[in-house]
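Student: I would like to learn how to read a structure of this kind, feature by feature. Could we begin with the general idea each time and then turn to the case at hand?

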2 protein chains.
Amino acid sequence: MAVPLLQIALDNTSFSDAVRTTRLVYEEIDVIEVGTILCCAEGMSAVRNFKALYPDKIILADIKIADAGNILSRLAFDSGADWTTVICCADIATVKSALREARPRGCDVQIELTGAWTLEQAEQWREAGIKQVVYHRSRDAQAAGQAWGEKDLELIRRLADMGFEITLTGGLVPEDLPLFKGIPIKVFIAGRAIRDAEDPVAAAREFKRVIAQYWG
Amino acid sequence: MAVPLLQIALDNTSFSDAVRTTRLVYEEIDVIEVGTILCCAEGMSAVRNFKALYPDKIILADIKIADAGNILSRLAFDSGADWTTVICCADIATVKSALREARPRGCDVQIELTGAWTLEQAEQWREAGIKQVVYHRSRDAQAAGQAWGEKDLELIRRLADMGFEITLTGGLVPEDLPLFKGIPIKVFIAGRAIRDAEDPVAAAREFKRVIAQYWG
């Protein structure tokens, strides 16, 4: 089982605010996520700037494409993104048009499982050639008090059995990680747990330590 | 039955490109939509600039919020948007958190019906206090050759019967409008039909003429 990657989610509302975190932790992390909030606030200049700053990192533009898959994915990839996201409720035509832009560039498209989706849709994504899905405990669901539960684990195992590479996100802290032991997770996302830590480098290293302990 | 408004969808990839259209047609239109593509390309500066240029128009930031409803809607409203959008597959907690930001500001939140959604969700939106929905023939579905059909009309009537104010979008041309006669449409969106017209002002006026003919 491959060792999962560590991704930092930058959901800041300005590039300057986001870069204050990455300048400290970039050596510890594998994937830099230009979050939906940051893309929305700053546009693709944030993606261009992060690729320019950290050309060796995987840059993910989390734009949650719902339509116009070709135009939006091209916008992300041409700005320097290696990966981008399509929202789970998008028409399958949108998924396919984003994949068509990704492939010749050696880039990739993830399906963002935020909100309502079905295993029938997952089957369609797989048939369309999607490899990566992002399993998401929603921020608003977290705020409403929903914890990681058996239902999450069951769905995550189901998606792994279907062959998807899984990114896990949603208020993760290092203590959550052992929950997913034995499941081939591709990426763990940390956001506020690193960004808001008193010592962000130590917080990132603690994620890496727990990942190595359970998947190394 | 109120006369439907006319909205221009600006799905350009730069502000300067978008403003080339609005400088010509702003007198003919009621709602300026800073489209998802433009928001993604330029960030909220596009919203700020359009509100500064056209303070008397309704400015819509079509950011299709999927999560973090409070942060993203606040970002849009604080940038000058009067309306913003939440994607149909979002958790109901996300819908509610966006509405909570909208109300004290006299702003509004639309549910963007792009991709998969159900009438059970529509019932939840209504209970949460949502008034506006955007019925969407997807761009990629259009490209795949799907025309407006009886199924669209049935769903649109159903949503109107539930009390929703409906915005219609998806490659509309003036000849499509009579299809929706007798349904209380709040807003018709025109994008490429105006932007790409040889004479955008004449194209906008033709929309207004047909709207007045069937709903005036």
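Student: In what order do the strands of chain B close into a barrel, and is the pairing parallel or antiparallel?

Tutor: Please keep in mind throughout that this is a predicted model. As a general idea, strands of a sheet pair through backbone hydrogen bonds, and they do so in either a parallel or an antiparallel way. In chain B, eight strands close into a barrel in the order β1-β2-β3-β4-β5-β6-β7-β8, and the pairing is parallel. On average, and with direction ignored, neighbouring strands of this sheet are turned by 25° against each other.

Student: How many bridges join β3(B) to strand β4 of chain B?

Tutor: Three bridges join β3(B) to β4 (residues 83-87) of chain B, and these two strands run parallel. To place one pair on the structure, look for B:Ala61, whose bridge partner in β4(B) is B:Thr84. Against the sheet packs α4(B), which touches β3, β4 and β5 (108-113) of chain B and whose direction makes about 155° with that of β3(B).

Student: What does the barrel of chain A look like in terms of strand order and pairing?

Tutor: Chain A has a closed barrel of eight strands, running β1-β2-β3-β4-β5-β6-β7-β8 with parallel pairing, and the twist from one strand to the next averages 25°. Strand β3 (residues 58-65) of chain A is joined to strand β4 (residues 83-87) of chain A by three bridges, the two running parallel, and A:Ala61 has A:Thr84 as its bridge partner in β4(A). Helix α5 (residues 92-105) of chain A packs on this sheet, where it touches β3, β4 and β5 (108-113) of chain A, its direction making about 150° with that of β5(A).

Student: How many salt bridges does the structure hold over all chains?

Tutor: The general idea is that side chains of opposite charge can pair when their charged atoms come close. Over all chains, the structure holds 26 salt bridges. One of them joins the side chains of A:Asp82 and A:Lys51, at 2.9 Å from N to O. This pair links distant parts of the chain, 31 residues apart, with A:Asp82 in the loop between α4 (69-78) and β4 of chain A and A:Lys51 in helix α3 (residues 45-53) of chain A.

Student: What area is buried between chain B and chain A?

Tutor: The size of an interface is often given as the accessible area lost when the parts come together. Between chain B and chain A this buried area is about 2,600 Å², with carbon and sulfur atoms giving 67%. Each chain's part in the contact can be counted too, with 35 residues from chain B and 35 residues from chain A.

Student: Which polar pairs or salt bridges does the rule find across that interface?

Tutor: Across the interface of chain B and chain A the rule finds zero salt bridges, but it does find eight residue pairs in polar contact. On the side of chain B that touches chain A, the largest share, six residues, comes from α2(B), and the residues of that side divide into 17 nonpolar, twelve polar and six charged.

Note on methods:
Residues are numbered from 1 along each chain as its sequence is written. Chains are lettered from A and ligands numbered from 1 in the order in which they are written. This is a predicted model: local features need pLDDT of at least 70, side-chain atom pairs count only at pLDDT 80 or more; totals for chains, interfaces and linings use all residues. Side-chain values use heavy atoms; hydrogens and water are left out. Contact means heavy atoms within 4.5 Å. Buried area is the accessible area (1.4 Å probe) that two parts lose on being put together, summed over both. A salt bridge is a side-chain nitrogen of Lys or Arg within 4 Å of a carboxyl oxygen of Asp or Glu. A polar contact is a pair of N or O atoms within 3.5 Å; within protein, one must be able to donate a hydrogen and the other to accept it, and residues adjacent in sequence count only if both atoms are side-chain atoms. Helices (H or I, at least four residues) and strands (E, at least two) are DSSP runs, numbered from the N terminus. Ala, Val, Leu, Ile, Met, Phe, Trp, Tyr, Cys and Pro count as nonpolar, Asp, Glu, Lys and Arg as charged, and the others, Gly among them, as polar. Two strands pair if DSSP finds at least two bridges between them. Axes are lines fitted to C-alpha atoms, for helices over the stretch in contact, and angles run from 0 to 180 degrees between N-to-C directions.
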